[in-house]
Amino acid sequence: MTSQATSIKHPGAVSAAFQKLLKNKLATVCFFVLIVLIILVAAAPLVTPYLPEDTDVTSRLAPGFWGKWSKNPADVMKVKADHPLGTDHLGRDMLSRLLYGGRTSLLVGLVSTGMGLFWGVIFGMLAGFYKRLDNIIMRFMDLLFTFPGILLAMLIVAMLGASTFNSTLAISIWSIPSFARMVRSRVLQIREEDYVMAVRSLGASDWRILFHHVFHNTLPIIIVVATMRMGSSLISISTLSYLGMGVPAPAPEWGGLIATGKNYLWQRPSLIVIPGLAVVITVICFNILGDKLRDILDPSLKD
Amino acid sequence: MGRYIAKRLGMMLVLLIGMTFIVFGSLHLASGDPAQMVAGASATEEDIAAVRTSLGLDQPFWVQYGRYLKRLVTVDLGMSYTTRQPISQEIAIRLPFTINLACAAIILAIVIGIPLGVLTAIKRDTFVDNLLTTTSLVGISIPNFWLGTMLMLVFSVRLGWFPSGGMTEFFWTPLGLRQVILPALALSTASIASFMRIGRSAMLEVLQSDYIRTARAKGLGKASVIFIHALKNAMIPLLTQFGTSFGALLGGAIVTEQVFVINGVGTYLVNAINTRNYPVVQSTVLVIAALFILVNLAVDLTYCVVDPRIKYE
């Protein structure tokens, strides 16, 4: 079954996979949702006139555009055209907080996935390629795996203190073992392939075999795992922020917005519904993309 | 098999010790002076120095770590900075609620996830399979603290069907069931999805095996082949998933407890982290992780009984 996956050798295969991906309707939708999201978040100052920390004391807990159809006349009065998603308890514009918060969430997700990926791939490749290193590296990864769920990230935040950088670091360290395991098991297969022996007999150094030939062949699985990990990193940062261990208030972050909104659950549920939907939609898109990419890049993993 | 069990127990011990080292070491590096914390805000320099000596905090790292291990053996987890109570007692009060929540969630995950997994395997590559498999991605994409808040909004705040938080009884009592249902549901989505996926692939593999074909050939009904012959063997990968999921649920419970104001170890841990109560952080993390290791050990030992084919090298 794996022969199909290992036949992907050159970078061109990745772009071929991408073209295949765009033939799938669901994956295409997810891809464009993410592109639109990234554009909106990057162009936040053009979309909304307010900064996320700007307060407007005359308009607190205002409903968004949907307030126009509210049965409550007080709500209809409070609707303001320049706060399309309403305001929070300090009169801060929700759209701005959502978009600027999205910047933080996506950036933290990207950076932590990237850092976790970097070390995970290095550890995984070394463990898979050198039998001497395998035991020591993988036992250490097992040790990190014994901290269930978000516990390891919480321990790291407890050690370093709550800040955006520390939570990013915590999430990336937490991602290392899963990347390392995936890459290692792939490298163990690749190591036995004929072409590796062929390159070796041509006199290629270990270094070249590992970081050129083996790396290229682990690329499909790396792309799949990284895409899905983006989703869980986003959930993790919003969870940490929700618990007060991630991005410190008053800086906006999706999880933090939910934590603040929870105090106004009864009066203005949109304060938690909207940022929550933002997280869910973004994470679903990453996960569906990852899932479809896996079907294309490594069909052996499907069933 | 005896050797396998001995080896497995030894490995568990190594993992446990490694874990204590990581937990102790990482909080040893943490900023803030524990002696200052114990002595209180109004303490003088001399007071703090006296506390430091009395707690042995002036000793080198290895000495402190050794003493820590020694105390752990006697289940002495130290004192909480804030309440001045023994941490082991405080954890003993809270842990049952966390386990209660995790157990309720894993029951939900099994009861919903496995039948869906079997269904998608039988209906492989049909519309139902594609729909459910894609929907299961939604399960792993919802942050459980948000889902919990939404369930609370709909079923407690709006409809008033369930209490909006708190936990005073276990899930097998009528009140306990009402209290646990929303948090357990919020917590279990990711596990439902994983049970479904693992169940699906395990079933697919078993359904292709020879003995299933034999069972079919001798004229057994479809239902009895699937539920009696196939499901039994598909249970083995699901057993592994049980261990993994239980850990994930323990970790997730930390967050869900916050949402539903449940006084379990998760709430205890989060408060401790926010107040820099390091001995509590240390012990709580250790207890949760140790519990996870024990569950996985139990799963591994169950294998020996369930699946004699396994080779114990």
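**A residue, then its surroundings**

Ser156 of chain B is found in helix H7 of that chain. Before going on: this is a predicted model, in which local features need pLDDT of at least 70, side-chain atom pairs count only at pLDDT 80 or more, and totals for chains, interfaces and linings use all residues. Residues are numbered from 1 along each chain as its sequence is written, while chains are lettered from A and ligands numbered from 1 in the order in which they are written. Helices (H or I, at least four residues) and strands (E, at least two) are DSSP runs, numbered from the N terminus.

Why does Ser156(B) count as partly exposed? Because it has 17 C-beta neighbours inside 10 Å. The cut-offs are 20 or more other C-beta atoms within 10 Å for buried, 12 or fewer for exposed, and partly exposed in between, with C-beta atoms placed from the backbone. Leaving out residues up to four places away in sequence, Ser156(B) touches Phe162(B), Pro163(B) and Ser164(B). Contact here has its own cut-off: the C-beta atoms of two residues, placed from the backbone, lie within 7 Å. Leu182(B) is 26 residues from Ser156(B) along the chain, and their C-alpha atoms are separated by 9.1 Å.

Most residues other than glycine have a negative phi. Val75(B) has a phi near 55°, a positive value, and is not a glycine. Val75(B) sits in the loop between helix H4 (61-73) and H5 of chain B, and is exposed because 9 other C-beta atoms lie within 10 Å. Arg276(B) is not a glycine either, and has a positive phi of about 55°. That residue lies in the loop between H11 and H12 of chain B; it counts as partly exposed, with 18 C-beta neighbours inside 10 Å.

Next, a helix pair. Two packed helices are described by the angle between their axes and the distance between the axes. For helix H5 (residues 87-122) of chain B and H8(B), the axes come within 5 Å and cross at roughly 35°. Axes are lines fitted to C-alpha atoms, for helices over the stretch in contact, and angles run from 0 to 180 degrees between N-to-C directions. H5(B) passes H8(B) in a right-handed crossing, meaning that the near helix is turned clockwise from the far one by less than a right angle. That contact has 24 nonpolar, seven polar and two charged residues. Ala, Val, Leu, Ile, Met, Phe, Trp, Tyr, Cys and Pro count as nonpolar, Asp, Glu, Lys and Arg as charged, and the others, Gly among them, as polar.

On to the domains of chain B. Domain 1 covers 2-84 and domain 2 covers 88-306; the bounds come from an automatic or database domain assignment. Their C-alpha centres lie 32 Å apart. The contact takes 22 residues from domain 1 of chain B and 20 from domain 2 of chain B. On the domain 1 side, helix H1 (residues 2-28) of chain B gives the largest share, eleven residues. That side divides into 15 nonpolar, five polar and two charged residues.

Chain A has 13 helices and zero strands. Its C-alpha atoms fill a box of roughly 80 × 45 × 30 Å along the principal axes. Of its 303 residues, 46% are buried.

How many residues of chain B are in contact with chain A? The count is 42 residues of chain B against 36 residues of chain A. H10(B) supplies the largest share of the chain B side, eight residues. By class, that side has 30 nonpolar, twelve polar and no charged residues.

Helix H12 (residues 254-261) of chain A is mostly covered, with eight of its eight residues buried. Its cover includes helices H6 (94-129), H11 (206-242) and H13 (270-297) of chain A, together with helix H7 (144-158) of chain B.

Last, the largest nonpolar core, with 148 residues. Such a core is a set of buried Ala, Val, Leu, Ile, Met, Phe, Trp, Tyr and Cys residues joined through C-beta atoms within 7 Å. Among those with the most contacts inside it are Leu151(A) and Leu101(B). H8(B) gives the most to this core, 16 residues. Not counting residues up to four places away in sequence, Leu151(A) touches Gly251(B), Ile254(B), Val285(B), Ile288(B) and Ala289(B).
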